[in-house]
Structures are given as structure tokens and as C-alpha cells.
Amino acid sequence: MKIEQIYTGCLAHAAYYVESNGEAAIFDPLREVDSYIKKAESDNAKIKFVFETHFHADFVSGHLDLQKKTGAEIVFGPNAKPDYPALIAKDGQVFKIGDYTIKAMHTPGHTMESTTYLLIDDKGKEHGIITGDTLFIGDVGRPDLAQHVVSDLSQEKLAGYLYDSLRNKIMPLSDDLIVYPNHGAGSACGKKMSKETTDTLGNQKKTNYALRADMTKDEFIDELLNGLTAPPKYFPQNVLLNIGGYESFDNVMKQAGKALTPEEFELKANSDACLILDTRNATAYAEAHVPNSINIGLSGSFAPWVGEMIPSLETPILLVTEEGTEEEAITRLSRVGYDNAQGYLNGGIQSWKEAGKEVARINRISAEELKHEFENGTAIIDVRKKSEFDSEHIEGAINVPLSQINEHLESFPQEQKFIIHCAGGYRSMIAASILQQRGWTDLTDVTGGFKSIKETSIPRTEYVCPSTLL
């Protein structure tokens with residue numbers, strides 16, 4: 001049996017390819033599916049099933065595109081009610097892939113339809129488990145997402161279901177099973193995930209806090225919910241897309257892949273009220289950008305921050321990119337449901353400048369230059385997460401997490417100069433671009449962020465180890 005783990009996307013969302021004797025199955029495919037089809041073709045295999053562990057919140061799955069292109073059957077676990085044809089498996093139902101067997105194990109908790117798939121080889125030996133968002137390496141799935149879609153669920157109730165699923169379905173399995181989760185470190189679907197992508201179940205029983213053998217249900221619920229912050233704003237919208245269906249990726253790419261001249265770009269931005277999204281790095285954006293654009297760089301956690309900062313998936317978007325990254329930007333937008341991109345600026349910012357169009361800039365200073373501003377009493381606003389700020393920050397700085405900037409615009413002075421920073425400069429440039437778009441002019445960003453600030457003598461609070469990574 002071939003089992004290949006395919007990682008793409010800024011959150012390392014995982015898709016798995018399982019092939020045996022000319023038949024194949026895909027687990028939780030990402031939005032663009034051609035790579036899986038090509039993989040099957042290279043192995044002379046026909047994709048027979050598309051297994052979904054649950055309705056994802058962080059990304060739009062590729063199950064519908066894959067089904068349309070291959071005829072494979074989409075499989076969900078119990079309780080799933082998609083708005084399109086799918087096989088709803090019973091708990092314990094088995095599926096044959098060549099000489100191998102895949103067994104559906106209903107493991108509600110992260111969501112009510114969450115299902116783990118047990119992989120069994122041709123000799124009947126259990127090989128591994130595809131756990132979705134039920135069990136991660138070092139963590140388990142957050143139990144508060146489904147309550148944003150199903151009103152009669154609570155995070156406490158879901159956490160209780162997850163405790164039972166782990167104890168009754170997963171922990172009794174053999175220690176030598178390989179755990180294949182859907183996410184690694186950096187995902188907002190958990191709070192203590194390891195950077196490792198697989199492990200044995202036995203080692204997880206020893207090291208994962210949520211699998212502690214003597215843990216009571218009440219203790220589990222308390223520890224799991226402690227430190228959880230609100231999930232990214234786009235999560236419920238992605239769940240509904242995965243339940244209800246979405247535009248095919250091929251159609252999205254056809255519309256969004258239009259190369260626009262500066263004149264066409266400007267006309268479309270003005271006439272169609274499009275949001276201009278610049279995906280270049282912070283330095284390039286600060287030096288010159290299209291006025292009224294916002295910056296979310298491809299080089300960082302692009303998709304989650306797009307989902308956090310652009311409220312509606314229906315927003316018409318025009319792209320400014322580094323040349324050659326247009327398709328990547330469109331693809332990564334589509335992975336989180338932003339399918340309304342209207343095209344991109346052909347030739348990037350250089351063509352805009354050559355056309356004689358106005359450009360905007362954002363002032364940046366080094367951490368050493370910040371020291372002078374600090375001594376002069378200039379307001380400093382830290383846009384890192386609260387846990388980062390509480391761990392250590394510049395004395396007297398104000399904390400406005402980037403995810404909350406739209407709700408706390410009054411915290412940013414309009415009549416006086418102020419300086420913003422984050423950990424390294426990625427998030428603060430997002431904040432700076434949004435503020436500039438909304439009319440703030442006398443703002444400055446710190447190159448290198450808090451990492452560089454710590455190398456100076458600027459007074460900081462005493463370091464405290466953060467209690468959560470959320």
C-alpha cells in the first residue's frame with residue numbers, strides 16, 4: 001500500500017493519497033485537485049473514493065472538483081448532511097481499496113460528523129489512522145467551531161464528545177499505529193500542535209496532554225478550553241461552503257487570471273468597488289504601492305490573514321503581485337473561499353509607475369531609530385496577539401491585536417504621530433496598510449518588529465512564559 005502525505009498551503013493542511021492494486025482514495029483534498037489526479041495517473045490507479053474527515057473550517061476542500069473530474073464517490077461520516085450527493089458512512093463501515101481496507105470510525109467532538117479512518121493492509125494488520133481534526137501531534141481539535149454553525153451545540157458539550165471519542169475509539173487502538181493528522185504547528189484549529197507531521201499512537205499516549213490516562217472528563221474539558229480565543233472570522237463561511245458547495249476552481253482561475261493594464265485595473269477598481277490586495281512582501285509594499293490597497297504578503301500566513309481581515313468571501317478583489325506569483329495568489333485565495341478575484345495588475349507595481357499613476361508609501365524605521373522615538377514619548381502600538389504582548393512588551397506600549405484592529409480603530413491617534421510593530425514586520429504592515437487605506441497618514445512601522453526591538457536597550461517588561469499559543 002502506498003500512503004503519501006501531501007502538504008500545501010500556509011497551514012500545512014494535509015491531504016493523503018492511498019493507492020493499492022490500481023485503486024486509490026484521497027483524504028481531505030485541497031481546493032486544487034489536478035495534482036492528485038496526476039499522481040493517480042502516474043500510478044495507473046483510478047481514484048475510487050474521496051474521504052472527508054469533517055466539514056473543514058480553515059480551507060475549502062477539493063472534494064467536489066475531484067468528484068466531478070474522476071467520478072469518485074465522496075464519503076462523510078455519520079451526521080453529515082451535505083447539499084450534494086455523498087455516501088454517509090455508518091460507524092464501523094468498511095471500504096475496499098484494492099486488497100486494503102479503510103474503516104470509518106465516528107469520532108465526534110471537533111464537529112459532530114468528525115470521522116477517523118483506520119487503514120488496514122492486505123494481511124489484516126492495522127497500519128495507521130487518518131484523524132482529521134480529532135487528534136493532532138501534541139494536541140486535539142478545538143471543540144468550539146461547530147457551535148458557530150449549529151446553535152444548540154456548546155463548546156463544553158463538544159469537548160465532552162471529543163473526550164469520549166478519544167477514550168473509546170482511538171486510545172484502545174494499537175500503539176504502533178501511525179497517526180496522520182490534518183494539521184501541524186501554525187494552524188488555528190488547535191493550540192499546542194507539534195511541528196512534526198506524524199507519530200505513533202503509542203508515543204502520543206505518552207506525550208499528548210489530552211491523552212493522559214488518568215484524565216477525567218471534567219479535567220479534559222477544562223484543559224482543552226483553557227486559553228481558547230475566538231476562531232478566525234472566516235471559519236463559519238468556509239464550513240458553509242464545504243456543506244453547500246462552491247464554484248469550480250477551474251472557473252475561478254479563468255476569471256481571476258485576467259491580466260489587466262494599469263488603465264483597466266484603475267477603471268475596474270473604481271467602477272466595481274474592488275478591494276485592491278497587494279501580496280508582495282512588506283518592504284516592497286512600503287516603498288511603493290497602489291493607493292487604497294491593503295497588504296497581506298504571500299510569504300507569511302497569507303490565507304488565514306486574508307480570512308481574518310476581509311470579512312466577506314464575496315468581496316471583489318484585484319491583485320497586485322510579484323511577477324510570476326499571480327497563480328499562487330489566486331490559488332491560495334480560493335483555498336479559503338475567496339473566489340471573486342477579478343484579475344491582476346499586469347507587470348505589477350512597475351507597470352503602474354511607468355504608466356504615471358500615483359503611488360503611496362509607508363514610513364518605516366529600524367529598532368534603533370525607535371529608541372529615539374520612545375524617548376520622545378511617541379505612542380507605540382503593538383499589534384501582536386495578547387498572549388505575545390502579555391509575555392513581554394515595550395513599557396507603555398498599547399496592545400491592539402491585528403485581528404481586532406477593525407473593532408478598535410479609536411486606539412490609533414489621528415492627530416498625532418504613532419508607531420506600530422508586531423513580532424517581525426509581517427502583521428504590522430497589514431495593520432499599517434489598513435489604517436492608511438482608512439485615512440491615517442502619520443504612522444510608522446518598525447522593520448524587524450519585536451525581534452529586533454529586543455536587541456536594543458528600549459525598556460521592556462519582564463519576560464513571562466506565555467500560557468497558550470493561541
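This is a predicted model: local features need pLDDT of at least 70, side-chain atom pairs count only at pLDDT 80 or more; totals for chains, interfaces and linings use all residues.

Trainee: How do α7 and α11 lie relative to each other: roughly parallel, roughly perpendicular or oblique?

Mentor: Start with the geometry: α7 (residues 249-256) and α11 (residues 326-335) pack at about 135°, with axes 10 Å apart. Roughly antiparallel would need an angle over 145 degrees, and roughly perpendicular runs from 65 to 115. So the two helices come out as oblique.

Trainee: Which residues of α11 make the contact with α7?

Mentor: From the α7 side come Phe249, Val252, Met253 and Ala256. Sorted by class, the residues of this contact are five nonpolar, two polar and one charged. The α11 side is Glu327, Ile330, Thr331 and Ser334.

Trainee: And α10 with α15, what is the handedness of the crossing?

Mentor: Here α10 (residues 302-309) and α15 (residues 426-437) pack at about 30°, their axes 12 Å apart. Phe302, Trp305 and Met309 of α10 meet Tyr426, Arg427, Ile430 and Ile434 of α15, a contact with six nonpolar, no polar and one charged residues. As for the handedness, the crossing is right-handed.

Trainee: How many disulfides does the structure hold?

Mentor: A pair of cysteine sulfur atoms has to sit within 2.5 Å to count. On that basis, the number of disulfides here is zero.

Trainee: Is Cys422 buried or exposed?

Mentor: The cut-off for buried is under 20% relative accessible area. Cys274, at 11%, counts as buried. Cys422 has a relative accessible area of 1%, so Cys422 is buried.

Definitions and conventions
Residues are numbered from 1 along each chain as its sequence is written. Side-chain values use heavy atoms; hydrogens and water are left out. Axes are lines fitted to C-alpha atoms, for helices over the stretch in contact, and angles run from 0 to 180 degrees between N-to-C directions. Helices (H or I, at least four residues) and strands (E, at least two) are DSSP runs, numbered from the N terminus. Angles under 35 degrees count as roughly parallel, over 145 as roughly antiparallel, 65 to 115 as roughly perpendicular and the rest as oblique. Contact means heavy atoms within 4.5 Å. Ala, Val, Leu, Ile, Met, Phe, Trp, Tyr, Cys and Pro count as nonpolar, Asp, Glu, Lys and Arg as charged, and the others, Gly among them, as polar. Buried means under 20% relative accessible area, exposed over 50%, partly exposed in between (1.4 Å probe, protein chains only). A crossing is left-handed if the near helix is turned anticlockwise from the far one by less than a right angle, and right-handed if clockwise.
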